[in-house]
Amino acid sequence: MSSPLDLMTVAGHSGAPAPLFVHAHPDDETVQTGSLMAWLAAHGLAVSLVTCTRGEQGEIVAGVLPESTTPAELVRVRENELAKAVGTLGIAQAFMLGTPPARAAGLEQHDYHDSGMAWIAEGLAGPADIDDPQTFTASSLDDEVADLLALIDQLRPTVLVGYDRLGSYGHPDHVRAHELAVAAAQKADLPMIEVASEPDAEGFEWFDLSDQKQTVISALRCYATQLRVVDDQIVHVGGQHQELPLVVGLRRVH
Ligand SMILES: [Zn+2]
């Protein structure tokens, strides 16, 4: 039986695999790939993360923050939640896209804003009606690729890990993060591993990482403004229930 490590190990690369995960918002690393990141870290890998936005458009769990919380304060809260989850999962280094070293050389820091989403069908997200040229999806993909390549140049990961083209549930930022990771992997000539959006999707290898359950629950609990964990299920701020991400489907695409 192969393990995620086998998939992460690059033929001809003698050192330990050093995966760089590309995620859209704070909480995605835990909600989508928490067990995988924790498993890899527990097996001694230097796991890195780049998060593309600060989740400014995500709703807030009622009663967790004062009503007077400003958008700028929410950003700080979400950054702190992310930092705690990163520590809990054992992630070695975490970066924000647009902030050096994840910023093209010579350019000032640039914050890519959360693009938001609207439900267009049961469990499927589509674009929100937001007029902001600085959102992650309104920004230039070429600029974003240049920023990610700058990080890759410094960090020297051996493999990128990101969403498949469905972007877990269609959130426009997740789909863009997929496009970004694929484009950067091709330009940097790095292998890319996609994480399956749908359970039992064909063409993926499936791994049961239930031994990371407690770590994943602890990391999820860092996100008090976004979700709750009830009876071993994630309850999102909008009320949607989701199974803990303990079984992951992976495939190498580049
Ligand atoms: Zn997300």
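## Loop residues with positive phi

Asp231 is exposed, with 6 other C-beta atoms within 10 Å. The structure is a predicted model, in which local features need pLDDT of at least 70, side-chain atom pairs count only at pLDDT 80 or more, and totals for chains, interfaces and linings use all residues. Residues are numbered from 1 along each chain as its sequence is written.

Asp231 is found in the loop between β9 (227–230) and β10 (233–236); helices (H or I, at least four residues) and strands (E, at least two) are DSSP runs, numbered from the N terminus. Although Asp231 is not a glycine, its phi is positive, at about 50 degrees. Asp200, likewise not a glycine, has a positive phi of about 70 degrees. Asp200 belongs to the loop between β7 (192–195) and β8 (205–208), and its 9 C-beta neighbours inside 10 Å place it in the exposed class. Most residues other than glycine have a negative phi, and most peptide bonds are trans.

## The loop between β3 and β4

The peptide bond from Pro100 to Pro101 is cis, with omega near 10 degrees. Pro101 lies in the loop between β3 and β4. Asp111 is also located between β3 (93–96) and β4 (118–121). With 15 other C-beta atoms within 10 Å, Asp111 is partly exposed.

## Helix α2

Helix α2 comprises 15 residues (28–42) and reaches 19 Å from its first C-alpha to its last, close to the 21 Å expected at 1.5 Å a residue; the expected span is 1.5 Å times one less than the number of residues. A kink of about 85 degrees is centred on Gly34, the bend at a residue being the angle between axes fitted to the seven residues ending there and the seven starting there. Because 13 of its 15 residues are buried, α2 is largely enclosed by the rest of the structure. Just after α2, Gly44 takes a positive phi of about 90 degrees.

Ala41 lies in α2 and counts as partly exposed, with 17 C-beta neighbours inside 10 Å. Leaving aside neighbours within four places in sequence, Ala41 is in contact with Val47, Leu89, Gly90 and Ile91; a contact requires C-beta atoms, placed from the backbone, to lie within 7 Å.

## Helix α3

Helix α3 (residues 71–89) has 19 residues and spans 27 Å from first C-alpha to last, close to the expected 27 Å. Its buried residues include Val77, Arg78, Glu81 and Leu82. The buried residues of α3 pack against α2, β2 (48–51), β3 and α7. Just after α3, Gly90 has a positive phi of about 85 degrees.

## Helix packing

Two packed helices are described by the angle between their axes and the distance between the axes. Axes are lines fitted to C-alpha atoms, for helices over the stretch in contact, and angles run from 0 to 180 degrees between N-to-C directions. α2 and α7 (residues 213–220) pack at about 140 degrees, with their axes 9 Å apart, and are therefore oblique to each other. Angles under 35 degrees count as roughly parallel, over 145 as roughly antiparallel, 65 to 115 as roughly perpendicular and the rest as oblique. The crossing of α2 and α7 is right-handed; a crossing is right-handed if the near helix is turned clockwise from the far one by less than a right angle, and left-handed if anticlockwise. Thr30, Gly34, Ser35 and Ala38 of α2 meet Thr215, Val216, Ala219 and Leu220 of α7.

Helices α4 (residues 141–155) and α6 (residues 172–188) pack at an angle of about 55 degrees, with their axes 9 Å apart. The contact involves residues including Leu141, Val145 and Leu148 of α4 and Leu180, Ala183 and Ala184 of α6.

## Leu209

Leu209 lies in the loop between β8 and α7 and is buried, with 23 other C-beta atoms within 10 Å. Not counting residues up to four places away in sequence, Leu209 touches Ser35, Leu36, Trp39, Leu246 and Val248. Leu209 and Ser3 are 206 residues apart in sequence and 9.8 Å apart in space, C-alpha to C-alpha.

Technical notes: Buried ≥ 20, exposed ≤ 12 C-beta atoms within 10 Å, placed from the backbone. Contact = placed C-beta atoms within 7 Å.
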